[in-house]
Amino acid sequence: MTSSSWKEFRSAQPAFADAVQARFGQYRHQVLATLRKDGSPRVTGLEVDIRFGELLLGMMPNSRKALDLLRDPRFAVQANPGPDAEMADGDVRVSGRAVEVTDPGTLARFVEEAKPPEPFQLFRAELQEVVRTTLESEELVVQVWRPGKPLRTIHRAPDYSAPYET
């Protein structure tokens, strides 16, 4: 499956990338899904940081989620849904593969700019899908972006009639 950096995503879909980044920026902690050794899902909290043209996932070294990603890099991260059911700015999720950042210069730059609690382990996301779901005039609107493909916008009416694309 094709993957993309945040910079490439932003270049392909700047307005969509801005909306996704704003949604992640509403709360400090997000929800990460990884795969355990036996293939079952693990869901845990973490911070998402978008800088250097990358979506970065920071965590404690050798945490269960870090070990999961080192063994099987597939992940999904969902923006914190917030304190109520309204989600006025929609629901955002990103999935792909996580690659550990080991370059000393990049790590030093990250420490200088982000000032994370140390020690930490850092992964960059290779995006394979970005999804935003919103309500517009009582319709459920789902935007889906995949590398190398146009942005899809799918509408679903409240009467559960067949969805349609615009």
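This is a predicted model: local features need pLDDT of at least 70, side-chain atom pairs count only at pLDDT 80 or more; totals for chains, interfaces and linings use all residues.
Residues are numbered from 1 along each chain as its sequence is written.

A pocket here is an open set of points on a 1 Å grid over the protein atoms alone, where a 1.4 Å probe fits, with protein on both sides within 12 Å along at least five of seven lines. Lining residues have an atom within 4 Å of a point. I noted 20 lining residues, with E47, G58, M59, P116 and P117 nearest the centre. β2 (41-51), β3 (54-59) and α4 (104-114) each supply at least two. Strands are DSSP runs of E, at least two residues; helices are runs of H or I, at least four.

Next I turned to β6.

Which strands pair with β6? I count strands as paired if DSSP finds at least two bridges between them. β3 runs antiparallel to β6, joined by four bridges. There, L56 stands opposite R124. β5 (91-100) is also antiparallel to β6, over ten bridges. R97 has E126 in β6 as its bridge partner. β7 (139-145) runs antiparallel to β6 too, with seven bridges. V131 faces V144 of β7 across this pairing.

Last, I checked the β6-β7 hairpin. Two residues lie between the strands, and S137 takes a positive phi near 50°.

How values were computed. Side-chain values use heavy atoms; hydrogens and water are left out.
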